[in-house]
Amino acid sequence: MSTSLSTDVLIVGGGVAGLWLNARLRQQGYSTVLLERGALGGGQSIKSQGIIHGGTKYALHGALTGASEAIADMPRRWREAIAGTGELDLGGVRLLSDAHYLWSPGTLAGNLTSFFASKAVRSRVEQVKGDALPPALQNSRFKGKVYRLSELVLDVPSLIARLAQLAGDSLMAATRIEPLHEGEELVGLTVDGIAIRAQRIVLNAGAGNAELLASLGLDQPAMQRRPLHMVIVKSVNLKPLYAHCLGGGTKPRVTVTSHPASDGRWVWYLGGDLAEADGVARAPEAQIEAARRELADLVPWIDLSDAQWATLRVERAEPAQSNQVRPDNAFLAEQGRLLVGWPTKLALAPDFSDRVEAALRNDGIHPLPHAPLPALPRPPLARPFWEELLP
Ligand code: FAD
């Protein structure tokens, strides 16, 4: 292979942010190369719960804030993309659920009162009963209230596969990435000995951004990591459920999503408060025990005597915030040719891409002629983690 290449935009990181951005830029005529050191989607993306939030959950803190309003358009944009009529053609991506639900297991709790105080929320949620309840909650012993949120849940492996298809020949497996300077100026990256020059370099490598910045001699933008200790459970008796189950606080007690395993069973993936601070401190066995107790309390009619359990530790990587709060928008910082950012949510990948596209427009970066790319070593697609953990 030639020892030098050129492209318009060199993207580092093949999670949802990099893959979505890559597809959008290619559609607009830019030439791109996307570098991935592991498997495509294998960072946070495939370990996410796949919920395309519209921000409704944030109203549990009181009213919807301006920041959470920014996310409100994401379900529409993803829905259109999946229908093949949106900004990207995501036809073939599996929609796991057309709605996510808010589930209050007891009587209407205080947090729901403030939730429904928000007019924006009232127009977006609708109570469901009887046959309209999620299948796992259709039981005579079920008590509580369930509200349908206009948010969707995606099968992330099929999303990553489709975005990788849209990447054409632009994907490159990369082991060693070093800065490529001309004089003082960063003009590209040297990737496993190949010099790749680019008009712009975008670092969207999730938790890998900090290390990449350090290799470029930079310490900004600063990154925060938020550790989570998620639980998965597989059983013949599980039916699909996509819901935030509310406790007394402002965060969901448990957030449940359901994922199809290759043996035909459903895997429930449990996050929310269960997976945060106390959950992170627990050893895996204690965390499984805590999850067992939660499910025995919330869905006692489901027989889990045959269930297989496992836990998954994973960190969310985000721009540093004061008090480790959660950012509600995609984030992008610019330093000369270098753009660095995090979508902060899978749902916000389109917002991340918008920000990069706007930066290219503002800087007058247009597609230039480049020699066709040689055949590049292609990174693999990540396997669903539940297939690895619960074979
Ligand atoms: P990643 O998916 O982490 O991708 C980064 C990629 O960069 C990886 O493939 C990695 O291998 C690669 N990389 C790293 N370093 C290098 C390097 N030096 N060179 C080359 N490649 C490199 N968001 C939602 O909207 N809805 C949800 O329901 C949701 N649930 C979540 C549940 C959990 C448990 C977690 C952890 C996150 C969840 N999120 C959710 C957040 C969401 O997963 C992330 O915001 C999003 O996936 C980040 O995408 P990304 O492309 O920035 O990063």
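**Entry 1: Asp 192**

I started at Asp 192, which sits in the loop between β11 (185-191) and β12 (194-203). Here helices (H or I, at least four residues) and strands (E, at least two) are DSSP runs, numbered from the N terminus. The model is a predicted one, in which local features need pLDDT of at least 70, side-chain atom pairs count only at pLDDT 80 or more, and totals for chains, interfaces and linings use all residues. Residues are numbered from 1 along each chain as its sequence is written, and side-chain values use heavy atoms, with hydrogens and water left out.

I looked up the backbone of Asp 192. Its phi is near 50°, a positive value in a residue other than glycine. Is Asp 192 buried or exposed, or partly exposed? I noted a relative accessible area of 32%, so Asp 192 is partly exposed. The cut-offs: buried is under 20% relative accessible area, exposed is over 50%, and partly exposed is in between (1.4 Å probe, protein chains only).

**Entry 2: other backbone features**

Thr 344 belongs to the loop between β19 (338-342) and α10 (349-362). Its relative accessible area is 6%, so Thr 344 is buried.

I then checked Pro 221. The peptide bond from Gln 220 to Pro 221 is cis, with omega near -5°. Pro 221 is placed in the loop between α7 (209-215) and β13.

**Entry 3: helix α1**

The 12 residues of α1 should span 16 Å, and the end C-alpha atoms are 16 Å apart, which agrees. How many residues of α1 are buried? I counted 10 of its 12, and the helix is mostly covered. Among the buried residues are Trp 20, Asn 22 and Arg 24. Val 16 and Leu 25 are also in that buried set. After α1 comes Gly 29, with a positive phi near 90°.

**Entry 4: the ligand**

I turned to the shell of residues around the ligand. A residue is near a molecule if one of its heavy atoms lies within 4 Å of it. I get 34 residues around the ligand, and the closest are Glu 36, Gln 44, Ser 45, Ile 51 and Ala 347.

Next I listed polar contacts (pairs of N or O atoms within 3.5 Å; within protein, one must be able to donate a hydrogen and the other to accept it, and residues adjacent in sequence count only if both atoms are side-chain atoms). A polar backbone atom of Gln 44 lies 2.9 Å from an oxygen atom of the ligand. For Gly 50, a polar backbone atom is 3.3 Å from an oxygen atom of the ligand. Arg 316 uses its side chain: a polar atom there is 3.3 Å from a nitrogen atom of the ligand.

How much of the ligand's accessible area does the protein cover? I read 95% of the 1,000 Å² that the ligand has on its own. Accessible areas come from the Shrake-Rupley method with a 1.4 Å probe; for residues, only the protein chains shown count as cover.

Which elements give two or more residues to the shell? They are α1 (16-27), β2 (32-36), β13 (223-235) and β17 (308-319). Domain 1 (4-45 + 158-222 + 321-389) and domain 2 (100-149 + 226-318) each supply at least three shell residues. The domain bounds come from an automatic or database domain assignment.

I also sorted the shell by residue class: 16 nonpolar, 13 polar and 5 charged. Ala, Val, Leu, Ile, Met, Phe, Trp, Tyr, Cys and Pro count as nonpolar, Asp, Glu, Lys and Arg as charged, and the others, Gly among them, as polar.

**Entry 5: single residues and distances**

I looked at Gln 224 in strand β13. Its relative accessible area is 3%, so Gln 224 is buried. The Gln 224 side chain reaches the backbone nitrogen of Gln 321 at 2.8 Å. From Gln 224 to Ser 6 I have 218 residues in sequence and 33 Å in space, C-alpha to C-alpha.

Ser 6 is in strand β1 (residues 4-12). It is partly exposed, at 31% relative accessible area. Ser 6 and Lys 143 are 137 residues apart in sequence, with 61 Å between their C-alpha atoms.

Phe 352 is in helix α10. It is buried, at 0% relative accessibility. Its C-alpha atom is 18 Å from that of Asp 89, 263 residues away along the chain.

Last, I checked Gln 199 in strand β12. It is buried, at 16%. Gln 199 and His 366 are 167 residues apart along the chain, yet their C-alpha atoms are separated by 9.0 Å.

Methods
The expected span of a helix is 1.5 Å times one less than its number of residues.
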